Amino acid sequence: MDGLFLIDIKEGIHRSYHDLFEDLNQPVYQFSNSIEYKNIYELYVQLIRSLILDETITFKETHFTSERAITFQSFPNPYYGEGLAYYIKNIRQRSNWKLQMATSGTTGLPKKVYHSFPSLTRNIKMNVHRADDVWGLAYNPTHMAGMQVFFQAFLNQNAIINLFGLSRTQIFSCIQEYSVSHISATPTFYRLLLPATEVFNKVKQITFGGEKLSEGILQNLKGMFPNAKFTNVYASTEAGALFAASGDQFTISEKIKSFVKIVENELWLHESLIANSPDLQIQDGWYVTGDMVQVTSWEPLEFQFVSRKNEMINIGGSKVNPNEVEELILENAAVTDVKVFGKPNSLMGTILCADIVLQQNTLSEKEIKAFLKERLPDYKVPRIIKFVPAITLTSTGKKSRI
Amino acid sequence: MDKIISIINRVLENNNKSYSGTITETTSLRNDIGFDSLDLAELTVNIEEEYGVDIFENGFVETVGDIMKKTSK
């Protein structure tokens, strides 16, 4: 295969690294530092351009963009004629470049964080043995995990096969046709690949993050990907990918050992591991993650993740702030009180629920869902809605969300 | 079967979706009806409320017939 770069069967995108290089060398007269995600190829081209220019870039869906357009006579491309390997080598030396992203935010509005090139690519492995890797992209390309897959593949000049948003049948045919060797996805993505009706011998690495996969599901997946190594990773928009585990025991690499500590069963990360953000609270140089862990060994440090301290609800790998959803539901005049909470679910890890108190019976479940769907991404819309006479509070006067 | 179909229809209706075909035992929840992962999670909760069975516990549900097998045990 001649240096395949990107396949997206839904959008009909089929580009080689040669095509990419040609496109990067096209003259461009205007460069905007805010990218609107419409087409995954255009997104990557603009991202790479920002790296070449060493300019800060923002994904438009983050909503707090201050747009700035730069106009050129032609695109200043210092590497013209040097080939893509030279490009990539130089891209690695970017110092001013930053990518602005939004985190889901524990209270109120999303926070913005800035990632530098080193912080985004800290865990990217580059070597000659990776030359033939083929990556199945199973995350939204503009989210942290999707960016990690992009950089891992791009810096090794590997092919990226976009599996995000495809049906199970389409995913199967993509894995087969393009000989996907590496997949990184949420547990929900893998659950939806079952039942294991096919076997993919060429897949070497299966990575999942967030919640645990049950032993039964894991066994079934191992039947489907018999030659794959299974790895669990801890990653967040604030910190990127940090630790890995083969089961649910996380170990800390020598490199970042002194930047991680556990305080009262809570994970603290040193600020040098964290994206730069005025909105994140740093205490004496440490970021308190809100992730509760159970230490199984202190020397060397090993632990399991137990729960989140704050109220964020994890729906199939995407974080939902219940306060944000409650505020929207309360915009309906007929609603007097509401509680949004998560319930354990075998498919999504957690399913989002809402108990709603109505003034009169004037709203239906369908109407509330339609109202929210216009304003929120799908995963933030409660799927189980119950109309109740009153919302019960905990002894401290808070809404119990469990 | 009728009860399961009415639960499926309720999930479709609540989420402003529709399926014009006839639902039979071989109808695929994902490929035919077009349920996404969130729809399936909602369906699971509704089936569990009715039958007390978590159909996705071991991740093996593809068709309407699969649900019938799980709920008749």
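This is a predicted model: local features need pLDDT of at least 70, side-chain atom pairs count only at pLDDT 80 or more; totals for chains, interfaces and linings use all residues.
View 1. Residues are numbered from 1 along each chain as its sequence is written, chains are lettered from A in the order in which they are written, and side-chain values use heavy atoms, with hydrogens and water left out. Chain A brings 26 residues to the contact and chain B brings 24 residues, contact meaning heavy atoms within 4.5 Å.

**View 2. Salt bridges across the two chains.** Between chain A and chain B the count is six salt bridges, each defined as a side-chain nitrogen of Lys or Arg within 4 Å of a carboxyl oxygen of Asp or Glu. A network of salt bridges links A:Glu365, A:Lys369, A:Arg383, B:Lys17, B:Asp36, B:Asp39 and B:Glu42. A further view shows A:Lys386 and B:Glu49, whose side chains meet in a salt bridge at 2.8 Å, N to O. A:Lys386 is partly exposed at 33% relative accessibility, and B:Glu49 is likewise partly exposed, with a relative accessible area of 48%; buried means under 20% relative accessible area, exposed over 50%, and partly exposed in between (1.4 Å probe, protein chains only).

**View 3. A salt bridge inside chain B.** The side chains of B:Glu62 and B:Arg30 meet in a salt bridge, with 2.8 Å from N to O. This pair links distant parts of the chain, 32 residues apart, since B:Glu62 lies in the loop between helix 2 and helix 3 (64–72) of chain B and B:Arg30 in the loop between helix 1 (2–14) and helix 2 of chain B; helices are DSSP runs (H or I, at least four residues), numbered from the N terminus. B:Glu62 counts as buried at 11% relative accessibility, and B:Arg30 is buried with a relative accessible area of 12%.

**View 4. A salt bridge inside chain A.** A:Glu374 and A:Arg375 form a salt bridge in which the closest N and O atoms are 3.7 Å apart. A:Glu374 counts as exposed at 67% relative accessibility, whereas A:Arg375 is partly exposed, with a relative accessible area of 41%.

Definitions and conventions: Helices (H or I, at least four residues) and strands (E, at least two) are DSSP runs, numbered from the N terminus.
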